[in-house]
Amino acid sequence: MTDVENSISKNIIRYYPKYDTPFKNLFKKEENKNLLIDLLNGIIDGGSNNPIVDVQFLDSEFTAERVKFNKINKWDDLNNNEGKEKIDENLKKEDNNNNKNNKRPSNNIDINKNKKLKQGFFEAKRARLNSFVNGIRKNYSDIIKTKNTENLPVIAITKSNEIINIEIQVHEAENTYKRSLFYTSSVITHSLKKGDSYNDLPKIVMINFLHYNLFKNNNDKFYWNFSLHDKITKTEEGFEGLLNIYFIELSKYEKLEQQEKLNKKYLWYLFMVDPNNQLFCEKETPQKFVQARETLLSLETNVRYCEQCDFEEKLTDRYIKNMEYRENIGIEKGIVIGKEQGIVIGKEQGIEIGREEGAKLTGIKTVFKMFYSNFSIDTINDFMLLDTSEVLEIQKFLNNPNYESLKQLAEKLNIPLEILKNIYKKIFNINL
(Lines give C-alpha, C1' and ligand atoms only; values in the text may rest on other atoms or scores of the structure.)
Protein backbone atom coordinates (compact mmCIF):
# COMPACT_ATOMS: atom_id res chain seq x y z
CA MET A 1 0.00 0.00 0.00
CA THR A 2 1.40 3.42 -1.01
CA ASP A 3 1.70 6.37 1.37
CA VAL A 4 -1.25 8.07 -0.35
CA GLU A 5 -3.45 4.95 -0.21
CA ASN A 6 -2.57 4.46 3.44
CA SER A 7 -3.47 8.10 4.22
CA ILE A 8 -6.80 7.87 2.40
CA SER A 9 -7.75 4.65 4.18
CA LYS A 10 -7.22 6.47 7.50
CA ASN A 11 -8.94 9.65 6.27
CA ILE A 12 -5.67 11.54 6.65
CA ILE A 13 -5.02 14.36 4.20
CA ARG A 14 -1.47 14.23 2.93
CA TYR A 15 -1.29 17.39 0.79
CA TYR A 16 -2.18 20.53 2.74
CA PRO A 17 -4.01 23.44 1.06
CA LYS A 18 -1.42 25.92 2.28
CA TYR A 19 0.42 24.93 -0.91
CA ASP A 20 -0.51 26.10 -4.39
CA THR A 21 -1.77 22.92 -6.07
CA PRO A 22 -4.06 21.67 -3.25
CA PHE A 23 -5.32 25.22 -2.65
CA LYS A 24 -6.34 25.82 -6.26
CA ASN A 25 -7.81 22.34 -6.69
CA LEU A 26 -9.89 22.88 -3.55
CA PHE A 27 -11.08 26.47 -3.94
CA LYS A 28 -10.96 27.14 -7.69
CA LYS A 29 -13.81 24.73 -8.44
CA GLU A 30 -17.38 25.59 -9.35
CA GLU A 31 -18.76 23.03 -6.89
CA ASN A 32 -16.71 24.56 -4.07
CA LYS A 33 -17.48 28.22 -4.69
CA ASN A 34 -19.28 28.38 -1.35
CA LEU A 35 -15.97 27.53 0.36
CA LEU A 36 -14.07 30.24 -1.48
CA ILE A 37 -16.78 32.80 -0.73
CA ASP A 38 -16.60 31.94 2.98
CA LEU A 39 -12.79 32.20 2.97
CA LEU A 40 -12.82 35.55 1.16
CA ASN A 41 -15.52 37.08 3.35
CA GLY A 42 -13.44 36.16 6.40
CA ILE A 43 -10.31 37.79 4.97
CA ILE A 44 -11.89 40.92 3.54
CA ASP A 45 -14.16 41.22 6.56
CA GLY A 46 -17.11 42.23 4.44
CA GLY A 47 -19.41 39.61 5.87
CA SER A 48 -21.65 42.10 7.65
CA ASN A 49 -21.80 45.24 5.51
CA ASN A 50 -20.88 44.24 1.97
CA PRO A 51 -20.52 40.45 1.66
CA ILE A 52 -19.31 38.62 -1.40
CA VAL A 53 -22.31 36.67 -2.67
CA ASP A 54 -20.88 34.97 -5.75
CA VAL A 55 -17.55 34.37 -7.48
CA GLN A 56 -16.68 33.58 -11.07
CA PHE A 57 -13.46 32.36 -12.68
CA LEU A 58 -12.20 33.93 -15.89
CA ASP A 59 -11.33 30.62 -17.55
CA SER A 60 -14.81 29.05 -17.14
CA GLU A 61 -18.03 29.85 -18.96
CA PHE A 62 -20.83 31.49 -16.97
CA THR A 63 -24.23 29.83 -16.81
CA ALA A 64 -27.29 30.96 -14.91
CA GLU A 65 -27.77 27.56 -13.28
CA ARG A 66 -24.64 28.08 -11.20
CA VAL A 67 -26.11 31.06 -9.35
CA LYS A 68 -28.38 30.15 -6.48
CA PHE A 69 -31.36 32.35 -5.63
CA ASN A 70 -30.79 34.21 -2.40
CA LYS A 71 -33.38 36.20 -0.47
CA ILE A 72 -31.23 39.29 -0.18
CA ASN A 73 -32.16 42.93 -0.79
CA LYS A 74 -32.25 44.05 -4.41
CA TRP A 75 -29.28 45.86 -5.86
CA ASP A 76 -29.61 49.61 -5.42
CA ASP A 77 -29.21 50.35 -9.09
CA LEU A 78 -31.99 47.94 -10.07
CA ASN A 79 -34.39 50.81 -9.55
CA ASN A 80 -33.11 52.62 -12.63
CA ASN A 81 -34.56 51.91 -16.07
CA GLU A 82 -31.23 50.94 -17.62
CA GLY A 83 -30.83 48.02 -15.23
CA LYS A 84 -34.39 46.79 -15.91
CA GLU A 85 -33.90 47.03 -19.68
CA LYS A 86 -30.75 44.88 -19.51
CA ILE A 87 -32.57 42.22 -17.49
CA ASP A 88 -35.55 42.27 -19.90
CA GLU A 89 -33.17 41.87 -22.85
CA ASN A 90 -31.41 38.89 -21.23
CA LEU A 91 -34.75 37.24 -20.45
CA LYS A 92 -35.99 37.66 -24.02
CA LYS A 93 -32.81 36.11 -25.42
CA GLU A 94 -33.12 33.15 -23.04
CA ASP A 95 -36.81 32.66 -23.87
CA ASN A 96 -36.11 32.80 -27.62
CA ASN A 97 -33.31 30.25 -27.33
CA ASN A 98 -35.48 27.89 -25.32
CA ASN A 99 -38.35 28.17 -27.81
CA LYS A 100 -36.04 27.46 -30.76
CA ASN A 101 -34.74 24.33 -29.10
CA ASN A 102 -38.23 23.35 -27.94
CA LYS A 103 -36.90 22.98 -24.41
CA ARG A 104 -37.96 24.23 -21.04
CA PRO A 105 -35.93 27.17 -19.63
CA SER A 106 -32.56 26.09 -18.31
CA ASN A 107 -33.42 26.93 -14.67
CA ASN A 108 -36.61 24.79 -14.77
CA ILE A 109 -38.87 27.76 -14.03
CA ASP A 110 -41.68 28.54 -16.47
CA ILE A 111 -41.59 31.79 -18.43
CA ASN A 112 -44.26 33.58 -16.41
CA LYS A 113 -42.53 32.83 -13.13
CA ASN A 114 -39.24 33.79 -14.70
CA LYS A 115 -40.60 37.22 -15.54
CA LYS A 116 -41.73 37.66 -11.97
CA LEU A 117 -38.17 37.01 -10.83
CA LYS A 118 -36.74 39.74 -13.04
CA GLN A 119 -37.20 42.33 -10.29
CA GLY A 120 -35.45 40.06 -7.77
CA PHE A 121 -31.90 39.50 -6.75
CA PHE A 122 -31.32 36.41 -8.88
CA GLU A 123 -31.72 38.04 -12.29
CA ALA A 124 -30.07 41.28 -11.21
CA LYS A 125 -27.03 39.44 -9.93
CA ARG A 126 -26.86 37.28 -13.02
CA ALA A 127 -26.95 40.29 -15.36
CA ARG A 128 -24.33 42.20 -13.39
CA LEU A 129 -21.93 39.32 -12.87
CA ASN A 130 -22.29 38.00 -16.43
CA SER A 131 -21.58 41.41 -17.96
CA PHE A 132 -18.70 42.16 -15.60
CA VAL A 133 -16.98 38.79 -16.00
CA ASN A 134 -17.30 38.74 -19.77
CA GLY A 135 -15.86 42.24 -19.98
CA ILE A 136 -12.79 41.32 -17.92
CA ARG A 137 -12.48 37.97 -19.71
CA LYS A 138 -12.05 39.79 -23.04
CA ASN A 139 -9.13 41.74 -21.61
CA TYR A 140 -7.45 38.46 -20.60
CA SER A 141 -8.18 36.80 -23.94
CA ASP A 142 -4.47 36.60 -24.84
CA ILE A 143 -3.80 34.43 -21.78
CA ILE A 144 -7.00 32.39 -22.07
CA LYS A 145 -6.18 31.47 -25.69
CA THR A 146 -2.93 29.85 -24.56
CA LYS A 147 -4.94 27.77 -22.04
CA ASN A 148 -2.36 28.77 -19.42
CA THR A 149 -5.08 30.01 -17.08
CA GLU A 150 -3.83 28.88 -13.68
CA ASN A 151 -2.59 32.38 -12.86
CA LEU A 152 -5.84 34.14 -13.73
CA PRO A 153 -7.40 36.09 -10.87
CA VAL A 154 -10.67 35.14 -9.24
CA ILE A 155 -13.52 37.58 -9.81
CA ALA A 156 -15.83 38.26 -6.88
CA ILE A 157 -18.99 40.33 -6.91
CA THR A 158 -20.27 42.42 -4.02
CA LYS A 159 -22.59 45.41 -4.24
CA SER A 160 -19.61 47.00 -6.04
CA ASN A 161 -17.61 44.83 -8.42
CA GLU A 162 -14.18 43.64 -7.29
CA ILE A 163 -11.36 41.63 -8.78
CA ILE A 164 -9.67 39.44 -6.21
CA ASN A 165 -6.31 37.81 -6.83
CA ILE A 166 -4.95 35.20 -4.41
CA GLU A 167 -1.30 34.19 -4.23
CA ILE A 168 0.49 31.63 -2.08
CA GLN A 169 4.18 32.38 -1.54
CA VAL A 170 6.20 29.56 -0.01
CA HIS A 171 9.69 31.00 -0.25
CA GLU A 172 10.90 34.25 1.22
CA ALA A 173 11.76 36.96 -1.27
CA GLU A 174 13.44 40.30 -0.73
CA ASN A 175 11.07 41.85 -3.26
CA THR A 176 7.74 40.67 -1.82
CA TYR A 177 6.33 44.20 -1.74
CA LYS A 178 7.36 45.02 -5.30
CA ARG A 179 6.18 41.61 -6.48
CA SER A 180 2.75 42.28 -5.04
CA LEU A 181 2.67 45.71 -6.70
CA PHE A 182 3.72 44.16 -10.01
CA TYR A 183 0.83 41.69 -9.99
CA THR A 184 -1.53 44.41 -8.80
CA SER A 185 -0.58 46.61 -11.76
CA SER A 186 -1.08 43.66 -14.13
CA VAL A 187 -4.60 43.06 -12.82
CA ILE A 188 -5.43 46.76 -13.04
CA THR A 189 -4.11 46.95 -16.61
CA HIS A 190 -6.23 43.96 -17.69
CA SER A 191 -9.37 45.31 -16.02
CA LEU A 192 -9.87 48.06 -18.60
CA LYS A 193 -9.35 48.08 -22.34
CA LYS A 194 -8.44 51.10 -24.45
CA GLY A 195 -11.38 53.46 -24.74
CA ASP A 196 -13.13 52.30 -21.57
CA SER A 197 -14.19 54.89 -19.01
CA TYR A 198 -12.12 55.12 -15.83
CA ASN A 199 -15.42 54.96 -14.00
CA ASP A 200 -15.53 51.28 -15.01
CA LEU A 201 -12.29 50.48 -13.18
CA PRO A 202 -13.18 47.78 -10.63
CA LYS A 203 -11.90 47.59 -7.09
CA ILE A 204 -8.77 45.46 -6.73
CA VAL A 205 -8.04 43.10 -3.85
CA MET A 206 -4.70 41.28 -3.61
CA ILE A 207 -4.42 38.48 -1.04
CA ASN A 208 -0.98 37.05 -0.25
CA PHE A 209 -0.66 33.92 1.90
CA LEU A 210 2.95 33.81 3.11
CA HIS A 211 4.84 30.83 4.53
CA TYR A 212 7.44 33.16 6.00
CA ASN A 213 7.57 36.24 8.23
CA LEU A 214 7.53 39.36 6.09
CA PHE A 215 7.10 41.81 8.96
CA LYS A 216 9.89 40.64 11.23
CA ASN A 217 9.64 43.53 13.70
CA ASN A 218 6.13 42.56 14.77
CA ASN A 219 5.68 38.97 15.87
CA ASP A 220 2.27 39.51 17.46
CA LYS A 221 0.43 40.36 14.23
CA PHE A 222 0.03 38.03 11.25
CA TYR A 223 -2.82 39.74 9.35
CA TRP A 224 -2.03 42.93 7.41
CA ASN A 225 -4.23 45.13 5.22
CA PHE A 226 -2.77 47.99 3.16
CA SER A 227 -4.77 50.60 1.25
CA LEU A 228 -4.23 54.03 -0.28
CA HIS A 229 -4.62 56.87 2.19
CA ASP A 230 -3.23 60.30 3.03
CA LYS A 231 -0.29 60.21 5.46
CA ILE A 232 -1.54 63.11 7.56
CA THR A 233 -5.32 62.69 7.69
CA LYS A 234 -5.18 58.86 7.43
CA THR A 235 -8.23 59.02 5.13
CA GLU A 236 -8.66 57.31 1.74
CA GLU A 237 -10.89 60.03 0.27
CA GLY A 238 -11.50 59.25 -3.43
CA PHE A 239 -9.30 56.14 -3.19
CA GLU A 240 -11.61 54.47 -0.69
CA GLY A 241 -11.88 50.76 -1.42
CA LEU A 242 -10.11 51.02 -4.81
CA LEU A 243 -7.09 48.98 -3.74
CA ASN A 244 -6.52 46.64 -0.81
CA ILE A 245 -3.47 44.42 -0.41
CA TYR A 246 -3.56 41.73 2.28
CA PHE A 247 -0.63 39.77 3.70
CA ILE A 248 -1.40 36.75 5.89
CA GLU A 249 1.70 35.28 7.51
CA LEU A 250 0.79 31.63 8.05
CA SER A 251 4.12 30.96 9.78
CA LYS A 252 3.16 33.40 12.57
CA TYR A 253 -0.36 32.02 12.75
CA GLU A 254 0.98 28.51 13.32
CA LYS A 255 2.84 29.76 16.42
CA LEU A 256 -0.26 31.23 18.06
CA GLU A 257 -1.60 29.71 21.25
CA GLN A 258 -4.18 27.00 20.56
CA GLN A 259 -7.01 29.12 21.94
CA GLU A 260 -6.17 31.97 19.54
CA LYS A 261 -5.97 29.57 16.59
CA LEU A 262 -9.50 28.38 17.30
CA ASN A 263 -10.93 31.87 16.90
CA LYS A 264 -13.84 31.52 14.43
CA LYS A 265 -12.33 34.23 12.20
CA TYR A 266 -9.18 32.15 11.73
CA LEU A 267 -10.56 28.64 11.18
CA TRP A 268 -9.82 28.60 7.44
CA TYR A 269 -6.18 29.42 8.22
CA LEU A 270 -6.13 26.49 10.64
CA PHE A 271 -7.59 24.26 7.95
CA MET A 272 -4.93 25.38 5.46
CA VAL A 273 -2.05 24.53 7.80
CA ASP A 274 -3.63 21.52 9.52
CA PRO A 275 -6.64 19.96 7.72
CA ASN A 276 -6.30 16.85 9.90
CA ASN A 277 -6.84 18.82 13.11
CA GLN A 278 -9.27 17.13 15.49
CA LEU A 279 -11.61 20.10 15.12
CA PHE A 280 -12.27 19.09 11.49
CA CYS A 281 -12.77 15.39 12.21
CA GLU A 282 -15.64 15.49 14.71
CA LYS A 283 -19.37 14.91 14.33
CA GLU A 284 -19.96 18.58 15.15
CA THR A 285 -17.54 19.78 12.45
CA PRO A 286 -19.17 22.53 10.33
CA GLN A 287 -20.35 21.22 6.96
CA LYS A 288 -18.05 23.54 5.00
CA PHE A 289 -14.97 21.87 6.48
CA VAL A 290 -16.46 18.41 5.95
CA GLN A 291 -16.93 19.35 2.30
CA ALA A 292 -13.35 20.64 2.07
CA ARG A 293 -11.88 17.48 3.63
CA GLU A 294 -13.91 15.22 1.36
CA THR A 295 -12.70 17.18 -1.68
CA LEU A 296 -9.03 16.90 -0.69
CA LEU A 297 -9.31 13.20 0.11
CA SER A 298 -11.01 12.62 -3.24
CA LEU A 299 -8.28 14.54 -5.06
CA GLU A 300 -5.65 12.27 -3.56
CA THR A 301 -7.10 9.34 -5.51
CA ASN A 302 -5.97 11.14 -8.67
CA VAL A 303 -2.47 10.06 -9.69
CA ARG A 304 -1.76 13.19 -11.70
CA TYR A 305 -2.73 15.43 -8.77
CA CYS A 306 -0.47 13.49 -6.39
CA GLU A 307 2.45 13.65 -8.81
CA GLN A 308 2.10 17.42 -9.09
CA CYS A 309 1.91 17.83 -5.31
CA ASP A 310 4.97 15.58 -4.87
CA PHE A 311 6.83 17.64 -7.44
CA GLU A 312 5.99 20.80 -5.50
CA GLU A 313 7.29 19.20 -2.31
CA LYS A 314 10.55 18.25 -4.02
CA LEU A 315 10.99 21.79 -5.30
CA THR A 316 10.38 23.10 -1.80
CA ASP A 317 12.96 20.71 -0.34
CA ARG A 318 15.35 21.72 -3.08
CA TYR A 319 14.83 25.38 -2.33
CA ILE A 320 15.66 24.87 1.35
CA LYS A 321 19.04 23.51 0.29
CA ASN A 322 19.31 25.99 -2.57
CA MET A 323 22.20 28.14 -1.36
CA GLU A 324 24.38 25.13 -0.63
CA TYR A 325 23.37 23.48 -3.90
CA ARG A 326 24.17 26.60 -5.94
CA GLU A 327 27.45 27.15 -4.17
CA ASN A 328 28.72 23.65 -4.93
CA ILE A 329 27.85 23.96 -8.62
CA GLY A 330 29.25 27.47 -8.71
CA ILE A 331 32.59 26.50 -7.19
CA GLU A 332 33.16 23.74 -9.74
CA LYS A 333 32.09 25.81 -12.74
CA GLY A 334 33.82 28.90 -11.42
CA ILE A 335 37.17 27.17 -11.21
CA VAL A 336 36.80 25.93 -14.79
CA ILE A 337 35.81 29.38 -16.06
CA GLY A 338 38.67 30.94 -14.11
CA LYS A 339 41.22 28.60 -15.75
CA GLU A 340 39.82 28.87 -19.28
CA GLN A 341 39.63 32.65 -19.31
CA GLY A 342 42.84 33.10 -17.42
CA ILE A 343 41.18 35.49 -15.04
CA VAL A 344 43.94 37.41 -13.31
CA ILE A 345 41.75 38.37 -10.41
CA GLY A 346 41.98 34.75 -9.37
CA LYS A 347 39.88 31.96 -8.07
CA GLU A 348 37.61 34.04 -5.81
CA GLN A 349 35.95 36.00 -8.60
CA GLY A 350 35.94 32.90 -10.81
CA ILE A 351 33.94 31.07 -8.17
CA GLU A 352 31.48 33.99 -7.96
CA ILE A 353 30.97 34.01 -11.73
CA GLY A 354 30.55 30.24 -11.68
CA ARG A 355 27.97 30.44 -8.92
CA GLU A 356 25.91 32.89 -10.94
CA GLU A 357 26.11 30.93 -14.20
CA GLY A 358 25.55 27.59 -12.50
CA ALA A 359 22.54 28.96 -10.63
CA LYS A 360 21.10 30.45 -13.82
CA LEU A 361 21.41 27.23 -15.84
CA THR A 362 19.85 25.28 -12.99
CA GLY A 363 17.06 27.83 -12.79
CA ILE A 364 16.37 27.66 -16.54
CA LYS A 365 16.20 23.86 -16.50
CA THR A 366 13.84 23.85 -13.51
CA VAL A 367 11.56 26.53 -15.02
CA PHE A 368 11.29 24.52 -18.25
CA LYS A 369 10.41 21.40 -16.23
CA MET A 370 7.78 23.29 -14.24
CA PHE A 371 6.14 24.63 -17.40
CA TYR A 372 6.27 21.10 -18.81
CA SER A 373 4.43 19.91 -15.68
CA ASN A 374 1.77 22.64 -16.14
CA PHE A 375 2.69 24.68 -13.08
CA SER A 376 1.26 28.21 -13.07
CA ILE A 377 3.57 31.15 -13.67
CA ASP A 378 2.74 32.39 -10.16
CA THR A 379 4.00 29.14 -8.61
CA ILE A 380 7.15 29.22 -10.76
CA ASN A 381 7.91 32.79 -9.74
CA ASP A 382 7.41 31.83 -6.08
CA PHE A 383 10.59 29.75 -6.28
CA MET A 384 12.61 32.78 -7.47
CA LEU A 385 14.69 30.62 -9.78
CA LEU A 386 14.91 33.42 -12.37
CA ASP A 387 13.81 37.02 -12.68
CA THR A 388 10.08 37.42 -13.41
CA SER A 389 10.88 38.96 -16.81
CA GLU A 390 12.98 35.90 -17.75
CA VAL A 391 10.21 33.51 -16.72
CA LEU A 392 7.77 35.49 -18.87
CA GLU A 393 10.18 35.24 -21.84
CA ILE A 394 10.36 31.45 -21.43
CA GLN A 395 6.56 31.28 -21.26
CA LYS A 396 6.34 33.39 -24.43
CA PHE A 397 8.73 31.02 -26.23
CA LEU A 398 6.83 27.91 -25.11
CA ASN A 399 3.59 29.36 -26.46
CA ASN A 400 5.18 29.37 -29.94
CA PRO A 401 8.36 27.24 -29.95
CA ASN A 402 10.51 27.44 -33.08
CA TYR A 403 14.17 27.90 -33.93
CA GLU A 404 13.97 31.68 -34.38
CA SER A 405 12.14 32.22 -31.10
CA LEU A 406 14.70 29.94 -29.40
CA LYS A 407 17.52 32.16 -30.71
CA GLN A 408 15.75 35.23 -29.37
CA LEU A 409 15.26 33.55 -26.00
CA ALA A 410 18.95 32.58 -25.81
CA GLU A 411 19.91 36.23 -26.38
CA LYS A 412 17.50 37.50 -23.73
CA LEU A 413 18.65 34.89 -21.20
CA ASN A 414 22.27 35.57 -22.19
CA ILE A 415 23.23 31.91 -22.56
CA PRO A 416 24.66 29.99 -25.57
CA LEU A 417 22.04 28.86 -28.08
CA GLU A 418 23.30 25.25 -28.15
CA ILE A 419 23.00 24.89 -24.38
CA LEU A 420 19.44 26.22 -24.44
CA LYS A 421 18.59 24.01 -27.41
CA ASN A 422 19.84 20.91 -25.55
CA ILE A 423 17.87 21.85 -22.41
CA TYR A 424 14.66 22.17 -24.44
CA LYS A 425 15.31 18.93 -26.35
CA LYS A 426 16.02 16.94 -23.18
CA ILE A 427 12.85 18.08 -21.39
CA PHE A 428 10.34 18.23 -24.26
CA ASN A 429 11.96 15.60 -26.52
CA ILE A 430 11.72 18.01 -29.47
CA ASN A 431 14.65 19.01 -31.66
CA LEU A 432 14.36 22.55 -33.06
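I begin with a term: a residue is called buried when its relative accessible area is under 20%, exposed when the area is over 50%, and partly exposed in between, with a 1.4 Å probe and protein chains only. Helices (H or I, at least four residues) and strands (E, at least two) are DSSP runs, numbered from the N terminus. The model is a predicted one, in which local features need pLDDT of at least 70 and side-chain atom pairs count only at pLDDT 80 or more, while totals for chains, interfaces and linings use all residues. Residues are numbered from 1 along each chain as its sequence is written, and side-chain values use heavy atoms, with hydrogens and water left out.

Let us take helix 2 first. Seven of its eight residues are buried, so helix 2 is largely enclosed by the rest of the structure. Among the buried residues are Asp20, Pro22 and Phe23. Thr21 belongs to this helix, which spans residues 20-27, and has a relative accessible area of 5%, so Thr21 is buried. The side chain of Thr21 makes a polar contact of 3.1 Å with that of Glu312. A polar contact here is a pair of N or O atoms within 3.5 Å; within protein, one must be able to donate a hydrogen and the other to accept it, and residues adjacent in sequence count only if both atoms are side-chain atoms.

I turn now to charged pairs. Side chains of opposite charge can pair when their charged atoms come close. How many salt bridges does a search of the whole structure find? The search finds nine, a salt bridge being a side-chain nitrogen of Lys or Arg within 4 Å of a carboxyl oxygen of Asp or Glu.

One of them joins Asp54 and Lys33, with the closest N and O atoms 3.3 Å apart. This pair links distant parts of the chain, with Asp54 in strand 1 (residues 54-57) and Lys33 in helix 3 (residues 33-44), 21 residues apart. Both partners are buried: Asp54 has 4% relative accessibility, and Lys33 has 6%. A network of salt bridges links Glu30, Lys33 and Asp54.

Another salt bridge runs between Asp38 and Lys288, whose closest N and O atoms are 2.8 Å apart. Asp38 lies in helix 3 and Lys288 in helix 12 (residues 287-299), so this pair ties together parts that are 250 residues apart in sequence. Asp38 is partly exposed at 28%, and Lys288 is partly exposed at 30%.

Finally, the surface. Leu228, Phe239 and Leu242 make a nonpolar patch of about 250 Å². Patches are made of residues with over 30% relative accessible area and no salt bridge; like charges are joined within 9 Å, and nonpolar side chains (Val, Leu, Ile, Met, Phe, Trp, Tyr) within 5 Å. Accessible areas come from the Shrake-Rupley method with a 1.4 Å probe; for residues, only the protein chains shown count as cover. Phe239 sits in the loop between strand 5 and strand 6 (243-249) and is partly exposed at 48%.

Glu237 is found in the loop between strand 5 and strand 6 as well, and is exposed, with 61% relative accessibility. Most residues other than glycine have a negative phi. Glu237, although not a glycine, has a positive phi of about 50°.
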